[in-house]
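The sequence and coordinates come first.

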Amino acid sequence: ENDKESLVQSLTWIGNAGPGGCLFYARHTMQLQKINDTQTRFVHKEIFHGLLPAMGLVLPYKQLKENYLKMNHAFKQHVEGGAPPSS
C-alpha cells in the first residue's frame, strides 16, 4: 500500500496540572483518516487522567461529551456540504 494512501492527518494537544500531570492530564486528538478517494474518517477523542478527573472534578465531563457530539455533527454537515459555515 502506498504511504499516501494510508495517510493520517492529526492534531493533538495536551494539558496537565501537577507534577507529571498527577492532578490533571488531558490529551485531545482529532484525526482525518483516508478510507478511499471519496471517503475520510474523522476521529475525535479526549482522554483524561489524574486525581481530579477520577473524582469528577475540574470539568463538566457529561456536558463536554454532548458538546463534542454536537461539534462533530456540525463539522460533518459542513464538510459534506449540508450546512453553510456560520460567522
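Strand 1 and strand 2 are paired antiparallel over ten bridges. The model described here is predicted.

**Sheet**

Strand 2, residues 24-34, also pairs with strand 3, again in the antiparallel sense and over ten bridges. Strands of a sheet pair through backbone hydrogen bonds, either parallel or antiparallel.

| Pairing | Sense | Bridges |
|---|---|---|
| Strand 1 and strand 2 | antiparallel | ten bridges |
| Strand 2 and strand 3 | antiparallel | ten bridges |

**Helices and overall order**

The protein contains two helices and three strands. Read from the N terminus, its elements run β-β-β-α-α. Helix 2 has 19 residues and reaches 27 Å from its first C-alpha to its last, close to the 27 Å expected at 1.5 Å a residue. Just after helix 2, G81 takes a positive phi of about 85°.

**Residue T29**

T29 lies in strand 2 and stands opposite K45 in strand 3. Is T29 buried or exposed? T29 counts as buried because its relative accessibility is 8%, and the cut-off for buried is under 20%. The side chains of T29 and T12 are joined by a polar contact of 3.2 Å. With neighbours within four places in sequence left aside, T29 is in contact with L11, T12, V43, H44 and K45.

**Residue F48**

F48 lies in strand 3. Its relative accessible area is 23%, so F48 is classed as partly exposed; that class lies between the limits of 20% and 50%. Which residues are in contact with F48, leaving aside its neighbours within four places in sequence? They are F24, Y25, A26, P53, L59, Y61 and L64. F48 and G15 themselves are 33 residues apart in sequence and 9.5 Å apart in space, C-alpha to C-alpha.

**Whole chain and confidence**

Of the 87 residues of the protein, 13% count as buried. Among contacts between residues at least 6 apart in sequence, 32% join residues at least 24 apart. The mean pLDDT of the protein is 83, and 85% of its residues reach 70 or more. Among the elements, strand 2 has the highest mean pLDDT (91), whereas helix 2 has the lowest (86). Where pLDDT is low, the predicted coordinates should not be read in detail.

How values were computed:
Residues numbered from 1 in each chain as written. Predicted model: local features only at pLDDT ≥ 70, side-chain atom pairs only at ≥ 80, totals over all residues. Heavy atoms only, no water. Pairing = 2+ DSSP bridges. Helix = DSSP H or I, 4+ residues; strand = E, 2+ residues; numbered from the N terminus. pLDDT = per-residue confidence, 0-100. Buried < 20%, exposed > 50% of the residue type's maximum accessible area, 1.4 Å probe, protein only. Contact = heavy atoms within 4.5 Å. Expected span 1.5 Å × (residues − 1). Polar contact = N/O pair within 3.5 Å; in protein donor to acceptor, adjacent residues only side chain to side chain.
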